[in-house]
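Please look through the sequence and the model shown below, and keep both at hand while reading.

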Amino acid sequence: MSAAPRALFVGHTYIDVTVLADHWPTGDEKAVARDYAVSFGGNAVTAAFAYARLQGAPDLITTAAPDAFGELFTGMARRHGVTLHERPVARSSLSFIMPNAGKRAIVRARDDAHLAGFPELDVSPYRALHLDGHQPDAALHYARECRARGILTSLDGGGLRSNTEELLDYIDVAVCAERLCEQLNLSAEGLLALLRAHGCRIGAVTQGERGMLWYDEQGVMSRLPALDVPPELVIDTSGAGDVFHGAYVWSYAARPTLGWAEHFRYARAASAYKIQHLGNEAGLPAQIDVSDTLARFGERR
């Protein structure tokens with residue numbers, strides 16, 4: 001049996017508190033939630049956990065705090081087989097997530113004042129690097145290192161960060177959200193043109209229920225439709241994009257001879273599994289879950 005493929009992820013740790021409620025109180029009101037979940041969070045962090053669930057071996061450079069939430073996160077990483085390389089901060093970061101009718105509202109409390117430099121690792125064992133733009137100094141360092149070694153570099157372009165434009169010069173696969181289009185005042189086609197200009201071999205813009213607009217290894221643009229998951233099965237869309245990233249990184253690392261259309265179809269099914277579960281941890285698909293989702297749902301028309 002071959003060893004699990006290794007990949008490096010660089011991100012920022014959150015503890016997510018996801019709450020389902022029929023009514024959100026204001027003023028001095030009180031309400032009782034229907035359900036809740038407490039889990040790990042953060043874009044590249046959740047992608048790393050998804051990668052591990054698919055039987056990959058992720059190393060994760062991320063923030064860590066000496067508090068109860070930090071201990072909770074460390075335990076989650078240990079259970080899921082995520083190897084941590086910690087960068088200290090004073091307090092853990094929190095996300096409060098409120099899913100509602102296929103959307104989600106989020107309130108974040110973040111400590112990104114790093115108390116030390118980033119861990120420096122030998123990148124030679126890795127088949128891929130995935131970044132979300134957090135820890136800008138570490139992200140740029142590892143993007144340069146991996147590009148120089150011929151290791152695939154992937155970016156979650158969920159939003160504009162201080163180093164996004166510089167970072168794109170070292171990215172092979174950039175999968176961006178529509179939010180980045182809005183921040184740059186570009187159409188999806190315009191953002192894809194920008195990615196090509198920076199030398200990204202594969203570029204994509206995710207568009208929720210409309211699927212994903214992307215260009216392939218030959219520069220051919222096409223649309224990957226979303227899977228047709230019935231609305232009554234959609235519980236929590238938060239983290240679905242992060243699972244998508246983790247799944248395509250795993251598909252590339254484990255099955256490098258396949259084309260990117262296949263990697264993205266696999267990731268689409270992983271993401272469709274996630275949205276049917278509350279919280280990131282419950283929504284991590286195993287390989288059998290991805291296969292079942294692929295067989296169960298057709299493409300949205």
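Is C146 buried or exposed? C146 counts as buried because its relative accessibility is 0%, where buried means under 20% relative accessible area, exposed over 50%, and partly exposed in between, with a 1.4 Å probe and protein chains only. Before going further, note that this is a predicted model, in which local features need pLDDT of at least 70 and side-chain atom pairs count only at pLDDT 80 or more, while totals for chains, interfaces and linings use all residues. Residues are numbered from 1 along each chain as its sequence is written, and side-chain values use heavy atoms, with hydrogens and water left out.

A disulfide is a pair of cysteine sulfur atoms within 2.5 Å, and the structure holds zero of them. For C146, the closest cysteine sulfur belongs to C200 and lies 15 Å away, which is too far for a bond. C181 is also buried, at 6% relative accessibility, and its sulfur is 7.4 Å from that of C176, the closest cysteine sulfur, which is again too far for a bond.

Two strands pair if DSSP finds at least two bridges between them. Strand β10 (residues 173-177) runs parallel to β11, and five bridges join the two; here C176 stands opposite V205 in β11. Strand β11 (residues 202-206) is mostly covered, with four of its five residues buried. β11 also pairs with strand β12 (residues 212-215), this time in the antiparallel sense and over four bridges, and T206 has M212 of β12 as its bridge partner. β11 and β12 form a hairpin with five residues between them, and in the turn G208 has a positive phi of about 60 degrees.

Helix α7 (residues 240-254) has 15 residues and reaches 21 Å from its first C-alpha to its last, close to the 21 Å expected at 1.5 Å a residue, where the expected span is 1.5 Å times one less than the number of residues. Because 13 of its 15 residues are buried, α7 is largely enclosed by the rest of the structure.

Where is space left inside? Rolling a probe the size of a water molecule over the atoms shows where empty space is left. On a 1 Å grid over the protein atoms alone, a cavity is a set of points where a 1.4 Å probe fits but cannot get out, and lining residues have an atom within 4 Å of a point. The count comes to three cavities of 30 Å³ or more. The largest cavity has a volume of about 90 Å³, and it is lined by 15 residues, of which T13, T63, A64, A65 and S92 lie nearest its centre. The elements that give two or more residues to this lining are β2 (14-20), β4 (57-64) and α2 (68-80), and α2 gives the most, with four residues.

The second largest cavity has a volume of about 70 Å³, and its lining includes D132, G133 and R161. β9 (152-157) and α4 (164-168) each supply at least two residues of this lining, with the largest share, three residues, coming from β9.

Definitions and conventions. On a 1 Å grid over the protein atoms alone, a cavity is a set of points where a 1.4 Å probe fits but cannot get out, and a pocket is an open set with protein on both sides within 12 Å along at least five of seven lines; lining residues have an atom within 4 Å of a point. Grid points are joined across faces, edges and corners, and a volume is the space filled by probe spheres set on the points.
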